[in-house]
Amino acid sequence: EMSYELMTPLSCIIGTCDLLSCASTDTLHPQQLEMISTVSSCSRQLYQQIENILDLRKIDDKKLLLNPQRVIVERLLNEAIQFVSPEIHRKLLDIFLHVSPNVPETILIDEARLKQILVNLIGNAVKFTLPSTMVSIRVSQIDNELIKQKEECKQSETIKLKIEIEDRGPGLSNADHESTLFESYLQLDKSMESKIGGTGLGLAISKRLVNMMEGKIWYEPVYCDLERADMGKEQAIIGTRFVFTIKAGKVNDTLESSSTGKELTVGQAQRTLQDYINMFLNDKPVRILIRTVSKDLFGYLMSMFRMFESKIQVDELNFPESSSNQHSSIWIIDEGLLDEYKQCSHDQATVIMLSRNDVQLSRKLQSEGLLGHGMIKVVKRPLFTPLLLRAVFEALVEGQMAENMGNMSGALSTGDYGYT
């Protein structure tokens, strides 16, 4: 009963802030939008902490029961990311989401409790990640052998999912922390408590919920090789990766997804792009050239497109580079590299430009007459993987149409109509 008394007013505050934040910048002053974002962020943090405290009591009293139901995996991930979106936008973070093709679209699990785990871990990752960097989320099925279980005289299939959430922050290097990291009301670094807040309950609740779902949770340091003139290569910790596994029921029939329009899922975007390449490009490889200011962003984009194996050739874009003989290439570049882009010969290039203010950049490109030079698509940051994959798909379709029109024009000019 107490949970409703606390949660309902907070839900109203969060919902009202979301509605206000949707107002155009012409209606609200930037300072007003910033204040709304602050109220929304604090309300969400308080909602999360209250939920954790109440659930901790339920678990200790053994009164918390799981309620499995059909859940669309990527819709749940999107909702968890959306819950911490004010802080994501404030810190100018990119969110990279990758769901392996072998993960079912729909699973049978307690939606509220899995979302609670995701919000706690993604919230921690966002909290500790340095501004203008990235948080990555990966979901895969690690138990390919389905486990048969009898339930009400029927056969139900159980799968094991693995979810990894990686941040870019101080990192955790000491393996001894694992024994105390998941304890209630404990923060390892007391000096950070006043700066980042928190009660030390998120990981404790997450571990108990993961255990109830017959899984495990742990963390791994994320390393990077650094070049030093006096010492050669040295490994440095650049973040932390929290990993947890859970068991979920497999649903043979899929729910109708509400992910339409801009809510295109990673799986849908990957399948659409892969199907298009297989059907229309006739084994002709697509070349994607990438150039970004951030090394993290560059590395992730390289790995994301390499999952298409031989279908996509991905490489670094070196300025200046002419695209006159690269009709099938797509450039993905940062808004910060706009000046270098202007110096290139890009009449035939298909360019996807990443920007934190897509409307302002589009107006700037229009005013400078750059939108007439090749096909330019502006993708807004923080980056969300499905939107980038969809932009690549649209670029391929438009590029193929332009090439077909060019071939048709050439045939008409030479009198080769394709028949005798």
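**Core, aromatic pairs and backbone of a predicted model**

In the predicted model, residue S132 occupies the loop that runs between α5 and β4 (134-141), where helices (H or I, at least four residues) and strands (E, at least two) are DSSP runs numbered from the N terminus. Residues are numbered from 1 along each chain as its sequence is written, and side-chain values rest on heavy atoms, with hydrogens and water left out. Because the model is predicted, local features need pLDDT of at least 70 and side-chain atom pairs count only at pLDDT 80 or more, whereas totals for chains, interfaces and linings use all residues.

S132 has a positive phi of about 60 degrees although it is not a glycine, and with a relative accessible area of 39% this residue is partly exposed; here buried means under 20% relative accessible area, exposed over 50%, and partly exposed in between (1.4 Å probe, protein chains only). A positive phi of about 60 degrees is also found at E214, likewise not a glycine, which lies in the loop between α8 (202-212) and β7 and is exposed, with a relative accessible area of 52%. Most residues other than glycine have a negative phi.

The protein as a whole has 13 helices and 13 strands, and 43% of its 420 residues count as buried. It exposes about 22,800 Å², of which carbon and sulfur atoms supply 52%; accessible areas come from the Shrake-Rupley method with a 1.4 Å probe, and for residues only the protein chains shown count as cover. Among contacts (heavy atoms within 4.5 Å) between residues at least 6 apart in sequence, 73% join residues at least 24 apart.

A nonpolar core is defined as a set of buried Ala, Val, Leu, Ile, Met, Phe, Trp, Tyr and Cys residues joined through side-chain atoms within 4.5 Å. The largest such core holds 55 residues, and of these L114, L118, I122, I165 and F244 touch the most other members. The element that gives the most to this core is helix α5 (residues 111-128), with eight residues. Another core, of 27 residues, lies apart from the largest one and includes I290, L301, I330 and V379. When residues up to four places away in sequence are not counted, I165 touches L118, L121, I122, A125, V135, S136, I137, T240, R241 and F242.

Three aromatic pairs are found in a search of the whole structure. Rings of Phe, Tyr and Trp (its six-membered ring) pair if their centres lie within 6.5 Å, and planes under 30 degrees apart count as stacked, over 60 as edge-to-face and the rest as tilted. One of these pairs, formed by F96 and Y300, is stacked, at 3.9 Å centre to centre and with 20 degrees between the planes. This pair links distant parts of the chain, since F96 is in strand β2 (residues 94-99) and Y300 in helix α10 (residues 295-306), 204 residues apart. Both F96 and Y300 are buried. The pair of Y219 and F242 is tilted, because the ring centres are 6.0 Å apart and the planes stand at 40 degrees. Since Y219 lies in strand β7 (residues 217-228) and F242 in strand β8 (residues 232-250), this pair ties together parts that are 23 residues apart in sequence. Y219 is buried, at a relative accessible area of 6%, and F242 also counts as buried, at 11% relative accessibility.

Helix α3 (residues 73-83) is mostly covered, with eight of its 11 residues buried, namely V73, E74, L76, L77, N78, A80, I81 and F83. The charged end of R44 sits over the ring of F83, 5.5 Å from its centre, the criterion being that NZ of Lys or CZ of Arg is within 6 Å of the ring centre and within 35 degrees of the ring normal. F384 is placed in the loop between β13 (375-380) and α13 (385-414) and is buried, with a relative accessible area of 19%. The C-alpha atoms of F384 and D94 are separated by 7.2 Å, although these residues are 290 residues apart along the chain.

Zero disulfides are found in the whole structure, a disulfide being a pair of cysteine sulfur atoms within 2.5 Å. The sulfur of C17 is too far for a bond, because the closest cysteine sulfur, in C42, is 9.7 Å away. C17 counts as buried at 7% relative accessibility, whereas C12, at 47%, counts as partly exposed.
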